[in-house]
Amino acid sequence: MSDRTRKTDVVVIGGGPAGLAAAASAADAGAEVVLVDRNRTLGGILNQCIHDGFGLHAFGEVLTGPEFAARYVDRALDAGVEVRRDTMVADLSPDGALVCTSPGTRYRLRGEAVVLAMGCRERTRGMLRIPGTRPAGVYTAGAAQWLTNLANVRVGRKVLILGSGDIGLIMARRLTWEGAEVAGVVELLPYASGLPRNITQCLDDYGIPLHLSHSATCVHGRDRVESVTVARFDEHRRPIPGTEFDVDCDTLLLSVGLIPENELSRRAGVVLDRTTSGAVVDDGYMTNVPGIFSCGNVLHIHDLADWAAEEGARAGRSATDYVGGGRAAADARIRIEPGAGVRYVVPQTAARSADEVLVSFRVTEPGEGKTAEVAADGRVFAAESLRRAHPAEMVQIRVACADGLDVDRLEVRLA
Amino acid sequence: MSERYDVVVIGAGVVGTAIARTLARFDGTFAIVERAHDVGMGASVRNSGVIHAGINCLPGTFRARFCMEGRALLQDWCDELNVPYSICGKLVVARRDEEIPSLERLMADGEANGVPDLRIVSGAEAERVQPGISGVAALHVPTSGIVSPYALTIATAEDAADNGVRFFLGSEAVGIEPDEDGFAIRTTTGTIRTRFLINSAGIHAGRVARLLDPDAPAVYPCVGEYLILDKQAGETMTTSVYPAPGAANAGLGVHITPTTEGNILLGPSSEYVADPETVCCTKTTTDRLLDEACVMWPDLPRNLVIGAYAGLRSKLTSPATGGFSDYVFRRTTEHPNAVHLLGIESPGLTAAPAIARHVVEDLVSPDAGLARRAPSEWRVRRWPDRFDELPEAEKERLVAANPDHGEIVCRCEGVTKAEILHALDNPLGVRTLAGIKFRTRASMGRCSGGYCLPRIVEILQEERGWSPDDFLLRGPDSPAFAGRLLEASRV
Amino acid sequence: MTTKRITCILCPNGCEIEVAYSGEPTAETIRVDGNLCPRGTDYVLEELTDPKRTLTTSILVRGGTQPQASVKTACPIPRAALLPARAALRTIVADAPVAIGDVVARDVAGTGVDAIVTRAVPRAVPRTTASARRAS
């Protein structure tokens, strides 16, 4: 058995925006940091996100994904983070021991603190149980984006997109720019799940139809996709007979949801939240396993990379605090839970002694003129009016409590 | 293709490849013709992967005989070939007292076939064997097992290829003419001559038989749909669980079957179809699979479905009749040198080595005069161990010896770059994405290839000079892509 | 009176702005409502008179660690010029290494706007495969 165990203060798993920001802030706060990333180039998913819209909050600029990533790569390297590319973590145990694998070498690494920033994977056709044949030409939108933007591959000529999430909308435009015919975008819900500006600049600009309250009922084609049957669905998510129509296409792209990638976290004994599929964390982004932290899309799916990076920065500082012995492990905790109109909240717990907690959450359905409240026992601790709320957009609310939180649980709800 | 083979097999499914492997232990020239671009692309990789105990076969039939003989041979073959299998046992569960007699009938059939250690147990004891299932009583079948059907078929085929059997893939038999010394088989890739012919073409065996013999019976395709559950589900469900057969409101009679990799299969359904070329999964059937499986396994994690597939059984009973018929090994007095295997449905996988032995040793070899080769003249090609399943020390050793084992390409299944590249060096010359998938498990995990496909494309483009048009899902008719996005030279 | 609803694309807020005007839309004649910031007014006016978009696409790279670099127009260009601009960029092959900000084409499709690199592509180092190692 190998005895090459490199020990360090903080290991960050994942070099996307959250991981890079976590590594940089942990190092800035004084920790020795090693960041491992499985790709050749840092930046995570941002490397294939060649569209713009990043950085408005973080830098006041409109950047493409790779440009945004480069800023955080620079920050991490300037802060003295040791970066190991082409390195995947094959195993993680609760004591912070990692098994790392890289071309030509497989070794152990140990961090007194470990920050999970592995990002997410895409929901698949198999998970949705879309009926029909299994021809070539069915791809998740993110995989198609990698193939298009990194591998110089044309995925197909005539494309139908299932799901109106941002990745699908961006790919509708990208493929149109590259000479493909995008037959349409099909969305099960009665409202689009991507940002309104993407409906404009990706669909409306090109006359690509958006079919709301519709979904795919069958894939056709023995060897390669030949067509997809689409039908209108009712409010119980059942197809309405007689509304079916066939869309001729050779490619079906799926943009039907992202799932935090917590396989490694499970192996380390991290408890997951059933709604987010991410870890249950406290206000310092620490999981139930002492010393293991979580941030970014692996914690909960973010709508903007800017927020994922900010969350990473907070988690990184917290990890360094932990290494320095600054976190009282046995601090009394309160629960933070979703109430009316709110689907989930992160963090799910906070230290009773915390003087400020930043709560991120998402609403269950679109609405206007609502107020978000953080409340307990009839008292409102924080409130914010939401001009327009949408499940696709993450909301953040700061709960300031100079005298600590003298309740057992806080509820985040819409009023 | 101008030489004359001693024996040509049509159809490289699990039975055809088992026949090829068996032939390879004899002196002679042998070939196998397969319309798909890899072996096992029909029912052989789209079934439950079960090593049947023999309780579900009518005593005295070929099915029963070859099930019992085959299950022993199959385990020997898997030990030789290093193909994964496990004797994990089975529980046939009665939900109501009225179903117990059907368990007793199964037990009686099983004992008549020589199945050992059968016991009817209480619901509570069944739950001790397999926690989480719900029933009043169960037939415990400890000798029932599971095997990887794709590993078995491919390992058998590659072993046969290594030992001299010629494989003609992408070659469909479209005509069979008797000639002076046997047959001339016209295929889509040329004519192949042979002294003896074995037709193991599965759902196409009837059509192939009628190329020679217009009176050959029809084979009816009957679809079985399956759902695949994430390996997380397999952590708690480790025994096969079947419902008591023929019960009132039996519905589909859906089975819960673990796989050798740790997934769970739900299914199959059973429905005759008109068109064998278009195999589909349907919403109504997969919904029913889930609902019925939940009856036996109330805590079945429905959110852990990761995929679905459908396979076609070869049935000799028509849609009007239904039910089962025994295997048919058809030889006519006009063409005694042609053997047609018709209606090889369950327990076809279990029976395959025994069917192969019967066809080769009992039916063909006596007339063909084939002599056995000495064991020193052939060697076994072992299915490679999966890197992901090796102990850590062995992994480190392998990575040091081959750096490409240090790069994980399929994150969900832990498949390394070295395994991917090795899969492409197979003796059958298969270069399809499905070929890589079944040889390595890449893209069979929960993300369905979302992670590994782009990386496989990158690796093969950069290191093997592939272009987008070289990526085929199952063959030339299923191109994965539509060329390059940008071309270097533009007119 | 003409009224239109336009979604501003300048930032993720995506304000839905109602704009009303008589005759031709100009800075003086339009009335806007629904934007959270003044940039929305400018955006709406431009959208009505001379709509612009930023093109984000890719070009081929020779000798790099990947086959493509991502590029963008340095600022938004007229909507009508998007596809011609993309077509013009298809003929470009840059030599690695390329850095973020490198200009790969000037005055793309006559817009007066340059196309710049948005993803660095270093020069390729020959990958050491197992077979190459054994050979050496």
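This section describes helix packing, strand pairing and chain contacts in a predicted model. Local features are given where pLDDT is at least 70, side-chain atom pairs count only at pLDDT 80 or more, and totals for chains, interfaces and linings use all residues. Residues are numbered from 1 along each chain as its sequence is written, and chains are lettered from A in the order in which they are written.

In chain A, strand E1 (residues 5-13) runs parallel to E8(A), and eight bridges join the two. Strands are DSSP runs (E) of at least two residues, helices are DSSP runs (H or I) of at least four, and both are numbered from the N terminus. Two strands count as paired if DSSP finds at least two bridges between them.

Helix H1 (residues 17-28) of chain A packs on helix H9 (residues 305-323) of chain A at an angle of about 35°, with the axes 7 Å apart. Axes are lines fitted to C-alpha atoms, for helices over the stretch in contact, and angles run from 0 to 180 degrees between N-to-C directions. The crossing is right-handed, that is, the near helix is turned clockwise from the far one by less than a right angle. Residues of H1(A) that meet H9(A) include Pro17(A), Gly19(A) and Ser25(A), and those on the H9(A) side include Glu311(A), Arg317(A) and Thr320(A). Contact requires C-beta atoms, placed from the backbone, to lie within 7 Å. The residues of this contact comprise 13 nonpolar, five polar and two charged. Ala, Val, Leu, Ile, Met, Phe, Trp, Tyr, Cys and Pro count as nonpolar, Asp, Glu, Lys and Arg as charged, and the others, Gly among them, as polar.

Chain B also has a contact between its helices H1 (residues 14-23) and H9 (residues 348-368), which pack at an angle of about 40° with axes 8 Å apart. H1(B) is therefore oblique to H9(B); angles under 35 degrees count as roughly parallel, over 145 as roughly antiparallel, 65 to 115 as roughly perpendicular and the rest as oblique. H1(B) passes H9(B) in a right-handed crossing. The residues involved are 12 nonpolar, two polar and two charged.

Elsewhere in chain B, helix H2 (residues 62-81) bends by about 30° at Gly70(B), the bend being the angle between axes fitted to the seven residues ending there and the seven starting there. Three strands of chain B form an open antiparallel sheet in the order E3-E8-E4. Its edge strands, E3 (50-51) and E4 (85-86) of chain B, each pair on one side only. Two bridges link E4(B) to strand E8 (residues 145-147) of chain B, and Ser86(B) stands opposite Ile146(B).

Between chains, 39 residues of chain A are in contact with 43 residues of chain B. H5(A) provides the largest share of the chain A side, five residues. That side has 14 nonpolar, 14 polar and 11 charged residues. The contact of chain A with chain C takes 22 residues from chain A and 23 from chain C. H7(A) gives the largest share of the chain A side, four residues, and by class this side has nine nonpolar, eight polar and five charged residues.

Conventions. Contact = placed C-beta atoms within 7 Å.
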